[in-house]
Protein chains: 2
Amino acid sequence: MPLPTRVKIVDVGPRDGLQNEKQPVPAAVKIELVHRLQDAGLKEIEVTSYVSPKWVPQMSDNAEVMAGIRRVAGVRYSVLTPNMQGFEAALASRPDEIVVFGAASEAFSQKNINCSIAESIERFAPVVAAARAQGIAVRGAMSCTVGCPYEGDIAPEKVGYLAGLMKGVGVQRVDVADTIGVGTPRRVQAAIEATLAHYALDDVSGHFHDTYGQALANTLAALELGVWNFQSSVAGLGGCPYAKGATGNVATEDLVFMLHGMGIDTGIDLDKLIDAGQYISGFLQRPSNSRVAKAVLAKRAG
Amino acid sequence: MPLPTRVKIVDVGPRDGLQNEKQPVPAAVKIELVHRLQDAGLKEIEVTSYVSPKWVPQMSDNAEVMAGIRRVAGVRYSVLTPNMQGFEAALASRPDEIVVFGAASEAFSQKNINCSIAESIERFAPVVAAARAQGIAVRGAMSCTVGCPYEGDIAPEKVGYLAGLMKGVGVQRVDVADTIGVGTPRRVQAAIEATLAHYALDDVSGHFHDTYGQALANTLAALELGVWNFQSSVAGLGGCPYAKGATGNVATEDLVFMLHGMGIDTGIDLDKLIDAGQYISGFLQRPSNSRVAKAVLAKRAG
């Protein structure tokens, strides 16, 4: 199969990234980060989540952030909505897309949201229906599609099962996420292939963590299956909640460098993206997790 | 083409890695590192170089290191010999293989060794002949095969030209090195393909730097061409001389993690390899550059 000629990236930094940073980030900084990402050419940005501030205090400014963003035509702003209460709260902010989630691991589902995989999707069904009735798109984040911190290896059949449940309740597109970053190219391809039994190629995205340094190799493996939607986090924001001090989300800068080097169009200006990453890394007062940013900044410093 | 079922790795950490570390490392520590690498299952180790101590003081203990190693049958110990004087000095240490080098970039060749590519290979010709007359294998390290810090992009034709010169003087196998780590999968494949016009698949190895995070994606691209020999550096020793603070050699740990995850045999015990990396990182008093090592150690720490 010829490789895709263009790729669309969802930058999940403002939500998935900052949610996993310990340090609180003011709404104004989040808004500025979103602005810098869209100025760099990102066409999809996961902005915030509408989840109880008791569980995720980092996202309690969700309405303020959504209200503060200068929206650009052609950019899709998505928010995570874990339940109907969250969805109703999110509605006032007019997201273009909501994100629901499920795990391909029963143990992870039980530990994370205290119910089975099937129960979790049943609970999301009314949220999905309500969103679609309002003309809001729905994406499903499928976690632990290769490995689970509790169960270990996850069989592709489990991924297919989850994708089938997502499809059944009306989720329009799904992310195949390697949440703990243990995936390697062939195993990631197997998870994607299991998903493709339920979703069209255009509706499947790859979300690979770089905890073991495998994210770009896995991206190449996904590209070779024709996948052209990916998720990443500017500056590799977020770290890994399952291994403190280790890397989590692959850095958008590193992903873009590879794609552009392969002649694949992303619409993103890498220099502006690096500057966006430096902006938030500067706020957090720590080095970027992006190898590209580190190399480019080292070169700039001479 | 089916992927290789096994891969052989040359760990270049003791030479290429430590040569680029600022901190002096005593011979005893280098010897212990070599021992730990072979105990972890490495079958090829680049131990030291026989180069003027005026230029590379870090390797002035070459004879002491080579004499101190407890050699294991089936392990190949290689040394870098930049000229006949170096080769004659190396002879007493009975290396299994010598390494000569050349750049695919004229500007790099001029700046690095003050002569053209063709002149550099002519100068190596007597070294190669002398080694082969002694029954010592000869490997050719081809640098800047994708990009050059002075010239920028390097055309595959330049790589083919260098490989042809290497072949012409009797170099038995060659490394396709992305010295500044700017390579991406298709460009790396083009450099390898240009090399394959002169060398058999079994005699071509990939040597990718992780400066821009691309090394494992490039490794996957090379595997897809059938390449099954690779070079890497335990703990990612060495850094990048062209971008201070950035990553250089890909970490052997990260490479092995990917290969094992793909069911490709390396003969290496990853846990022992991580311990070898921790040994030298501990001596250097800095964190490993291996993402796998960081993730595994973070998990061990709970």
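**Second largest pocket.** I sorted its lining by class and got 20 nonpolar, 20 polar and seven charged residues. In this sorting Ala, Val, Leu, Ile, Met, Phe, Trp, Tyr, Cys and Pro are nonpolar, Asp, Glu, Lys and Arg are charged, and the others, Gly among them, are polar. The model is predicted: local features need pLDDT of at least 70 and side-chain atom pairs pLDDT 80 or more, while totals for chains, interfaces and linings use all residues. Residues are numbered from 1 along each chain as its sequence is written, chains are lettered from A and ligands numbered from 1 in the order in which they are written, and side-chain values use heavy atoms, with hydrogens and water left out.

I noted a volume of about 1,400 Å³ for this pocket. Its lining has 47 residues, and Arg15(B), Gln19(B), Leu80(B), Phe101(B) and Asn112(B) lie nearest the centre. The elements of chain B that give two or more residues to this lining include helix H1 (13-19), strand S4 (97-103) and helix H6 (117-133). Helices (H or I, at least four residues) and strands (E, at least two) are DSSP runs, numbered from the N terminus.

For the terms, I used a 1 Å grid over the protein atoms alone: a cavity is a set of points where a 1.4 Å probe fits but cannot get out, a pocket is an open set with protein on both sides within 12 Å along at least five of seven lines, and lining residues have an atom within 4 Å of a point. Points are joined across faces, edges and corners, and a volume is the space filled by probe spheres set on them.

**Cavities.** I found two of 30 Å³ or more. Of its 13 lining residues, Asp210(A), Gly213(A), Arg291(A), Asp210(B) and Gly213(B) lie nearest the centre. Helix H9 (215-223) of chain A and helix H9 (215-223) of chain B each give two or more residues to this lining. I counted five nonpolar, two polar and six charged residues there.

The second largest cavity holds about 30 Å³. Its lining includes Arg139(A), Asp202(A) and Asn229(A). S8(A) gives the most, three residues.

**Symmetry.** I laid chain A on chain B by a turn of 180° and a shift of 0.0 Å along the axis, with an RMSD of 0.0 Å. That is the relation of a two-fold axis. The superposition is by least squares on C-alpha atoms of residues with pLDDT of at least 70 in both copies. In chain A, Ala217(A) comes closest to the rotation axis, at 1.9 Å (C-alpha).
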